[in-house]
Amino acid sequence: MGYLNNSVVTVDAILTNTGRQLLAQNNGAFRITQFALADDEIDYTLYNPTHPSGSAYYGEAINNMPLLEAFPESTQVVKYKLVTLPRGTAKMPILDIGYSAISIKQGASLAVSPQTLNYTGGNQVEASGYTFTISDVRLFSTFNGVGINTPSAQSLNVNSTVTLGTSVSSTVVGTTLNLRATTVNTLFGANSQLQATLTVVGRDSGARVTIPVTVTKVS
């Protein structure tokens, strides 16, 4: 959902692709139980504490920025969620997933278990888990999130590997991501390697990290 302008509180709300799938099932699976706010379109470098007109105008440029309208691609909206952190927090939470890049051979398996640093006074796994988004799910015969059993997480994970051979992204939820690289040789064509990106987001902290992923063909 999104505000259509800055002067009138008019809200435009549409369903994401996942929401449409749940609604189409017509079995009660579509239930709105949570919502999140984000500031994807805001450029905070425009805040100007030296504005000649005084403090009332420090954020003028930000207030006049155009706002995004709602659109249904859930992997491209609400990227930068607004979060509430404990009073006295001195550092923003960041993610440590154990890799700055993933390089995996064809048919090999890997588990990725993130940890959130500087979160609620220490380093820990977030209670609501993490979302894992791969830019091209064809590179993996297994791309599953485990460890979170809420209905919203399970609805994503059940449909996580549905593809018709098209280069599509996929998102799953869990505390751990299980990967197994594809064994399909024809996918490589004349290439010896395939590339994608993996984005991990903390569902409680909003912290995110994106790393490159390389799958190497085995002769």
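In this predicted model, three strands make up an open sheet whose order is 5-11-9, with antiparallel pairing. The edges of the sheet are strand 5 (109-112) and strand 9 (140-146), each of which pairs on one side only. On average, and with direction ignored, neighbouring strands of this sheet are turned by 15° against each other. The points below cover strand pairing, the salt bridge and a surface patch.

**Strand pairing**
- Six bridges join strand 9 to strand 11 (residues 176-181), and the two strands pair in the antiparallel sense.
- Thr 142 stands opposite Arg 180, a residue of strand 11.

**Salt bridge**
- One salt bridge is present in the structure.
- Its partners are Asp 136 and Arg 138, whose closest N and O atoms lie 2.9 Å apart.
- Arg 138, at 26% relative accessibility, counts as partly exposed.
- Side chains of opposite charge can pair when their charged atoms come close.

**Nonpolar surface patch**
- Phe 35, Leu 37, Tyr 44 and Leu 82 form a nonpolar patch on the surface.
- Together, these four residues contribute about 500 Å² of accessible area.
- Leu 37, one of the patch residues, is placed in the loop between helix 1 (17-25) and helix 2 (60-63).

Notes: Residues are numbered from 1 along each chain as its sequence is written. This is a predicted model: local features need pLDDT of at least 70, side-chain atom pairs count only at pLDDT 80 or more; totals for chains, interfaces and linings use all residues. Side-chain values use heavy atoms; hydrogens and water are left out. Two strands pair if DSSP finds at least two bridges between them. Helices (H or I, at least four residues) and strands (E, at least two) are DSSP runs, numbered from the N terminus. Axes are lines fitted to C-alpha atoms, for helices over the stretch in contact, and angles run from 0 to 180 degrees between N-to-C directions. A salt bridge is a side-chain nitrogen of Lys or Arg within 4 Å of a carboxyl oxygen of Asp or Glu. Buried means under 20% relative accessible area, exposed over 50%, partly exposed in between (1.4 Å probe, protein chains only). Patches are made of residues with over 30% relative accessible area and no salt bridge: like charges are joined within 9 Å, nonpolar side chains (Val, Leu, Ile, Met, Phe, Trp, Tyr) within 5 Å. Accessible areas come from the Shrake-Rupley method with a 1.4 Å probe; for residues, only the protein chains shown count as cover.
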